[in-house]
Amino acid sequence: KLLSLKNKNLSYDDYLIICGDAGICWSSDILNYFLSLYSSIGCTIIFVDGNHENFDMINQYPLVEYHGALMHQIDTHIFHVLRGEILTIENKTFLCLGGATSIDKMHRTPHISWWQDEEITNNDINNAICNLEKVNNTVDYVITHCIDTHTVINAFGFRRDICTDQLTFIDKVVKYKHWFFGHYHFDRKITDKKTCLYQEIIDLSDFD
């Protein structure tokens, strides 16, 4: 799906926003592979973190303010946006809140294949609330990795966890046009305002 973007004549004024598990920061070899792959697409990459990330690696990168949001700059045109930040691109606002719980974490090794940082914390929620207050609790889009508990149970039949509960709170606070999330390995429109993305790459102009 990434290679399909090569023929679209993109520039660095075009933005690919990834709903977590971008695959970029895991190991040095994988990092070099994905830096080469994403660079070949020729657009700017912004991603929220998922639950398959090497957070020790991500946190080594410098923090910068980009489009009004705090981000780790992974490469010249590749950025990881911190949880609870609101970025603005072409007058569109995005609340970004990565993180999710791994159901297989008991089979993974801390700081090698699993990181406790994957889960959404109260500090992340407080940062989101603080930034939302500055915009009257209203954004155009919400970008997350997992989704609220109600959606998890009713749309997918999965169990709730601490991260889905945290997003349930956010869902009650924020007003938005559309919410995009990944994590569940489906391409599915859940409601008129919530869409799960996995393989599909959508054009946001279709939602204006």
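1. Lysine 194 counts as buried at 7% relative accessibility (buried means under 20% relative accessible area, exposed over 50%, partly exposed in between, with a 1.4 Å probe and protein chains only). Lysine 194 lies in strand S11, residues 194-196; helices (H or I, at least four residues) and strands (E, at least two) are DSSP runs numbered from the N terminus. The side chains of lysine 194 and threonine 151 are joined by a polar contact of 3.4 Å. Such a contact is a pair of N or O atoms within 3.5 Å; within protein, one must be able to donate a hydrogen and the other to accept it, and residues adjacent in sequence count only if both atoms are side-chain atoms. Neighbours within four places in sequence aside, lysine 194 is in contact (heavy atoms within 4.5 Å) with residues including Asp148, Asp171, Trp179 and Arg188.

2. The model is predicted: local features need pLDDT of at least 70 and side-chain atom pairs pLDDT 80 or more, while totals for chains, interfaces and linings use all residues. Residues are numbered from 1 along each chain as its sequence is written, and side-chain values use heavy atoms, with hydrogens and water left out.

3. Asparagine 51 sits in the loop between strand S2 (44-47) and helix H2 (55-58), and is buried, with a relative accessible area of 3%. Its side chain makes a polar contact of 3.1 Å with that of histidine 145. Beyond neighbours within four places in sequence, the contacts of asparagine 51 include Asp21, Arg108, Glu118 and His183.

4. Leucine 3, in the segment before strand S1 (15-18), is exposed, with a relative accessible area of 54%.

5. The axes of helix H3 (residues 122-133) and helix H5 (residues 162-173) come within 11 Å and cross at roughly 10°, which makes H3 roughly parallel to H5. Axes are lines fitted to C-alpha atoms, for helices over the stretch in contact, and angles run from 0 to 180 degrees between N-to-C directions; under 35 degrees counts as roughly parallel. Among the residues that meet are Ile125 and Leu132 in H3, and Phe169 and Ile170 in H5.

6. The largest nonpolar core has 23 residues, of which Leu95, Val139, Ile170, Val174, Trp179 and Tyr184 touch the most other members. A nonpolar core is a set of buried Ala, Val, Leu, Ile, Met, Phe, Trp, Tyr and Cys residues joined through side-chain atoms within 4.5 Å. A second, separate core of 21 residues includes Ala22, Cys25, Met57 and Ile58.

Conventions
Parallel < 35°, antiparallel > 145°, perpendicular 65-115°, else oblique.
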